[in-house]
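Trainee: I would like to go through the labels given to this model and check each one against its cut-off.

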Amino acid sequence: MPLACRICIATNGLKGSDIAFLAKTEKELIEHFERDHHMPVVRPGETEDEADARFLQKYPEAKTCSKCLASGASWTDKP
């Protein structure tokens with residue numbers, strides 16, 4: 001069963017044609033949160049600091065993301 005992102009639904013809506021592109025597994029949804037919304041997800045056995053470090057290694061562009069900077073995300077390169 002497809003898993004829909006509530007953030008995407010709230011900002012973009014959801015059309016029937018979108019269903020084919022929805023995440024099929026929890027792992028795909030977690031990857032979507034990290035990749036598209038720059039939201040690190042703490043995995044089992046991982047601390048929040050470890051999750052942030054793993055996230056930044058995989059998505060270093062998050063450090064300078066304008067949305068992340070505006071929201072005050074802790075991992076950004078604050079001016």
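Predicted model: local features only at pLDDT ≥ 70, side-chain atom pairs only at ≥ 80, totals over all residues.

Mentor: The secondary structure comes to 4 helices and 0 strands, in the order α-α-α-α from the N terminus. The C-alpha trace spans about 40 × 30 × 15 Å along its principal axes.

Trainee: Why is Glu34 called buried?

Mentor: The cut-off for buried is under 20% relative accessible area. Glu34 has 0%, so Glu34 counts as buried. Glu34 is found in helix H2, residues 26–37.

Trainee: What makes the pair Glu34 and Arg43 a polar contact?

Mentor: The limit for a pair of N or O atoms is 3.5 Å. The side chains of Glu34 and Arg43 make their polar contact at 3.0 Å, so the pair is within the limit. Leaving out residues up to four places away in sequence, Glu34 also touches others, including Met39, Arg54, Phe55 and Tyr59.

Trainee: Helix H2 also holds Glu26. Why is Glu26 called exposed?

Mentor: Exposed requires over 50%. Glu26 has a relative accessibility of 59%, so Glu26 counts as exposed. Its C-alpha atom is separated by 23 Å from that of Pro60, 34 residues apart along the chain.

Trainee: How do you know that Ser66 is exposed?

Mentor: The cut-off is again over 50%, and Ser66 has a relative accessible area of 57%, so the label exposed applies. Ser66 lies in helix H4, residues 66–71. From C-alpha to C-alpha, Ser66 and Val41 are 20 Å apart in space and 25 residues apart in sequence.

Trainee: Why is Asp18 called partly exposed?

Mentor: Under 20% would be buried and over 50% exposed; partly exposed is in between. Asp18 has a relative accessible area of 22%, so Asp18 is partly exposed. Asp18 lies in the loop between helix H1 (6–12) and H2. The C-alpha atoms of Asp18 and Ala4 are separated by 9.5 Å, with the two residues 14 apart along the chain.

Trainee: Which label does His38 get, buried or exposed?

Mentor: His38 has 12% relative accessibility, under the 20% cut-off, so His38 counts as buried. The place of His38 is in the loop between H2 and helix H3 (48–58).

Trainee: What makes the phi of His38 worth a remark?

Mentor: Most residues other than glycine have a negative phi. His38 is not a glycine, yet has a positive phi of about 50°.

Trainee: What makes up the largest nonpolar core?

Mentor: Phe55, Leu56, Tyr59, Ala62, Cys65, Cys68, Ala73 and Trp75, 8 residues in all. To be joined in such a core, buried nonpolar residues need side-chain atoms within 4.5 Å. Leu56, one of the core residues, touches Ala62, Lys63 and Trp75 when residues up to four places away in sequence are not counted. In soluble globular proteins, nonpolar side chains tend to be buried together.

Trainee: How many of the residues are buried across the protein?

Mentor: Buried residues make up 28% of the 79 residues. The protein exposes about 5,700 Å², of which carbon and sulfur atoms supply 59%.

Trainee: What is the count of charged side chains?

Mentor: There are 11 positive and 13 negative side chains, and the centres of the two sets lie 5 Å apart.

Terms used
Residues numbered from 1 in each chain as written. Heavy atoms only, no water. Helix = DSSP H or I, 4+ residues; strand = E, 2+ residues; numbered from the N terminus. Buried < 20%, exposed > 50% of the residue type's maximum accessible area, 1.4 Å probe, protein only. Contact = heavy atoms within 4.5 Å. Areas by Shrake-Rupley, 256 points an atom, 1.4 Å probe, with all protein chains shown as cover. Lys, Arg positive; Asp, Glu negative; His and termini not counted. Charge placed at Lys NZ, Arg CZ, Asp CG, Glu CD. Polar contact = N/O pair within 3.5 Å; in protein donor to acceptor, adjacent residues only side chain to side chain.
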